[in-house]
Each structure stands twice: as structure tokens, then as C-alpha cells.
Amino acid sequence: MMTVEEKVQEYLKLNGISQKYFAELIGISPANLTATFNGKRKMKAHELIKFCEHYGVTLDFFKNDSMGGANG
């Protein structure tokens with residue numbers, strides 16, 4: 001089963017979204033995002049909320065391994 005951070009990283013890859021852009025969007029440094037994707041840092045709730053709001057996904061997106069986009 002994928003972690004929340006792995007799902008976010010995969011979403012970014014599948015949709016051609018740069019990590020630098022995403023880090024700026026959620027208000028963290030690119031270094032912190034790299035640490036997040038390397039398993040050294042967990043995403044904070046407010047960062048996940050920004051992700052969901054900006055990309056139109058619901059929290060159901062994180063429930064399973066499906067990468068079905070906005071509808072989970």
C-alpha cells in the first residue's frame with residue numbers, strides 16, 4: 001500500500017507537475033519536499049488540504065492505491 005507521500009509524488013509525476021512548483025504551492029521549501037518524498041518528513045495536514053483543494057481531489061484519493069485523479 002502506498003503512503004500518502006508516495007501517492008502525492010506519483011500524482012505529480014503522472015500530471016507533469018514539478019516538485020519546485022508544488023513546494024511553492026503548499027508553502028514549503030523544495031528541500032523539505034525532497035525530504036518528504038525520501039521518507040524523512042511527513043506531510044502536514046494543511047499541506048494535504050492545499051493539495052486537495054488546488055487539484056480538486058478528495059481525501060478519498062488517499063484511501064487506496066488507485067491513481068484515478070479527481071474522483072480517486
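Predicted model: local features only at pLDDT ≥ 70, side-chain atom pairs only at ≥ 80, totals over all residues.
User: What pattern does the protein follow along the sequence?
Analyst: Helices here are DSSP runs of H or I with at least four residues, strands are runs of E with at least two, and both are numbered from the N terminus. The protein has four helices and zero strands. Read along the sequence, that gives α-α-α-α.

User: What share of the protein's residues count as buried?
Analyst: Buried means under 20% relative accessible area, exposed means over 50%, and partly exposed is in between (1.4 Å probe, protein chains only). The chain has 72 residues. The buried share is 36%.

User: Which helices do the buried residues of α1 pack against?
Analyst: The buried residues of α1 are Glu5, Lys7, Val8, Gln9, Tyr11 and Leu12. Contact means heavy atoms within 4.5 Å. On that basis, the partners of these buried residues are α2, α3 (30-37) and α4.

User: Is α2 roughly parallel or roughly perpendicular to α4?
Analyst: The axes of α2 (residues 19-26) and α4 (residues 45-55) come within 9 Å and cross at roughly 110 degrees; axes are lines fitted to C-alpha atoms over the stretch in contact, with angles from 0 to 180 degrees between N-to-C directions. Under 35 degrees counts as roughly parallel, over 145 as roughly antiparallel, 65 to 115 as roughly perpendicular, and the rest as oblique. So α2 and α4 are roughly perpendicular.

User: How many nonpolar, polar and charged residues make the contact of α2 with α4?
Analyst: On the α2 side you'll find Tyr21, Phe22, Leu25 and Ile26, and on the α4 side Glu47, Lys50, Phe51, His54 and Tyr55. Ala, Val, Leu, Ile, Met, Phe, Trp, Tyr, Cys and Pro count as nonpolar, Asp, Glu, Lys and Arg as charged, and the others, Gly among them, as polar. The tally is six nonpolar, one polar and two charged.

User: Which residues does tyrosine 21 touch, leaving out those up to four places away in sequence?
Analyst: Tyrosine 21 lies in helix α2. With a relative accessible area of 39%, tyrosine 21 is partly exposed. Not counting residues up to four places away in sequence, tyrosine 21 touches His54 and Tyr55.

User: How far apart are the C-alpha atoms of phenylalanine 61 and valine 8?
Analyst: Phenylalanine 61 sits in the segment after α4. Its relative accessible area is 0%, so phenylalanine 61 is buried. Along the chain, phenylalanine 61 and valine 8 are 53 residues apart, while their C-alpha atoms are separated by 9.6 Å.

User: And which residues does phenylalanine 62 touch, not counting residues up to four places away in sequence?
Analyst: Phenylalanine 62 is also in the segment after α4, and counts as buried at 15% relative accessibility. Phenylalanine 62 and threonine 3 are 59 residues apart in sequence but 8.2 Å apart in space, C-alpha to C-alpha. The residues that phenylalanine 62 touches are Val4, Lys7, Val8, Leu48, Phe51 and Cys52.

Terms used. Residues numbered from 1 in each chain as written. Heavy atoms only, no water.
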